[in-house]
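Here are some exercises to work through with the model open in your viewer. Try each task on your own before reading its solution.

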Amino acid sequence: MTAAIGEPEHDSLVYVGRGAGLLSTRDDSAPVATRSAGFVPAGSEAQLSATDELEAIVATVGAGADLHAPIGPAELVTSLDDTDAETATSARSFQILFGPHNGSTRATLFAGFIPPGKAAWHYHLYDEIVWVPEGPGRLHLEGGTEKLAPGTAFRLRPRQVHIVENAGDGEMTIIGIFTPAGSPSAAYLTADVAAEYRIAG
């Protein structure tokens with residue numbers, strides 16, 4: 001099975017949750033597998049072909065770009081097995097798959113690793129979409145709490161105060177994409193904001 005990927009005015013970012021395949025452009029091709037990601041810039045076309053039963057998510061990103069971050073040469077495919085972990089808040093860590101350093105100037109695609117429990121209330125300045133490959137978890141927002149089962153996705157708007165809780169016993173992985181591009185560790189919390197929020201249930 002083959003799927004066409006690419007948009008005239010939007011970058012496309014691909015994350016492979018399961019299986020294996022090949023991501024091919026007119027000039028290049030590279031194998032993809034579980035825990036890997038691909039990048040197809042605006043105006044380019046690619047084919048994603050499955051060589052083993054393949055489960056992938058594809059996100060498209062508009063024209064807004066981070067022109068302040070160091071920009072490196074574009075990569076077609078990268079993997080969590082080839083990137084280093086960085087520290088975030090509350091013993092959490094993350095690995096960046098795509099960002100300005102490897103060609104994605106419009107968005108950052110990353111994997112976040114959450115230990116059991118929950119962090120403090122916080123917010124980001126970017127617009128974020130999160131996919132949860134495995135649960136269980138909970139999303140705490142001002143209006144209440146939602147369960148996060150495997151396959152769940154949710155959106156966080158800029159300055160939306162939240163907590164993503166790991167309700168299981170082992171480490172929980174989430175896949176996030178946000179724009180404009182930047183660092184997943186850029187979280188904000190002030191004492192007066194925190195005092196207004198309480199976890200329900």
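Helices (H or I, at least four residues) and strands (E, at least two) are DSSP runs, numbered from the N terminus. The model is predicted, so local features need pLDDT of at least 70.

**Exercise 1. The nonpolar cores**

Which residues have the most contacts inside the largest nonpolar core, and which strand gives the most to this core?

Solution. Step one: the largest core has 15 residues, and those with the most contacts inside it are Leu13, Tyr15, Leu97, Phe98 and Leu109. Step two: at least two residues of this core come from each of β2 (11–25), β4 (36–40), β8 (93–98), β9 (108–114) and β15 (172–179). The top contributor is β9, with three residues. Step three: take Leu109 and set aside its neighbours within four places in sequence; among its contacts are Leu13, Ala37, Ile96, Phe98, Ile175 and Ile177. Step four: a second, separate core of 11 residues includes Leu23, Val32, Val40 and Leu76. As a general background, nonpolar side chains tend to be buried together in soluble globular proteins.

**Exercise 2. Around Phe39**

Decide whether Phe39 is buried or exposed, then find what Phe39 is in contact with.

Solution. Step one: Phe39 lies in strand β4. Step two: Phe39 counts as buried because its relative accessibility is 3%, and the cut-off for buried is under 20%. Step three: beyond its neighbours within four places in sequence, Phe39 is in contact with residues including Leu13, Leu23, Leu76 and Phe98. Step four: Phe39 and Leu76 are 37 residues apart along the chain, and their C-alpha atoms are separated by 5.3 Å.

**Exercise 3. Salt bridges**

How many salt bridges does the structure hold? For the pairs of Asp81, Asp127 and Glu165, find the partner and where each residue lies.

Solution. Step one: the count is six salt bridges. Step two: Asp81 pairs with Arg35, with the closest N and O atoms 3.1 Å apart. This pair joins the loop between β6 (77–79) and β7 (86–87) to the loop between β3 (29–33) and β4, across 46 residues. Asp81 counts as exposed at 57% relative accessibility. Step three: Asp127 pairs with Arg155 at 2.6 Å between the closest N and O atoms. Here strand β10 (residues 127–132) is linked to strand β13 (residues 152–156), the two residues being 28 apart. Arg155 is partly exposed, at 41% relative accessibility. Step four: Glu165 meets Arg138 at 2.9 Å, N to O. Glu165 is in strand β14 (residues 162–166) and Arg138 in strand β11 (residues 137–141), 27 residues apart. Glu165 counts as buried at 9% relative accessibility, while Arg138 is partly exposed at 32%. Step five: Arg18, Glu53 and Glu55 are linked in a network of salt bridges.

**Exercise 4. The largest pocket**

What is the volume of the largest pocket, and which residues line it?

Solution. Step one: the volume is about 230 Å³. Step two: the lining residues include Tyr15, Arg18, Arg35, Glu55, Phe113, Trp131 and Glu134. Step three: β2 supplies the largest share of the lining, three residues.

**Exercise 5. A buried arginine**

Which backbone oxygen does the side chain of Arg106 reach?

Solution. Step one: Arg106 lies in the loop between β8 and β9. Step two: Arg106 is buried, with a relative accessible area of 16%. Step three: its side chain reaches the backbone oxygen of Glu9 at 2.9 Å.

Definitions and conventions:
Residues numbered from 1 in each chain as written. Predicted model: local features only at pLDDT ≥ 70, side-chain atom pairs only at ≥ 80, totals over all residues. Heavy atoms only, no water. Core = buried A, V, L, I, M, F, W, Y, C linked by side-chain atoms within 4.5 Å. Buried < 20%, exposed > 50% of the residue type's maximum accessible area, 1.4 Å probe, protein only. Contact = heavy atoms within 4.5 Å. Salt bridge = Lys/Arg side-chain N within 4 Å of Asp/Glu carboxyl O. 1 Å grid on protein atoms, 1.4 Å probe; cavity = no way out; pocket = protein on both sides within 12 Å on 5 of 7 lines; lining within 4 Å. Points joined across faces, edges and corners; volume = space filled by probe spheres on them. Polar contact = N/O pair within 3.5 Å; in protein donor to acceptor, adjacent residues only side chain to side chain.
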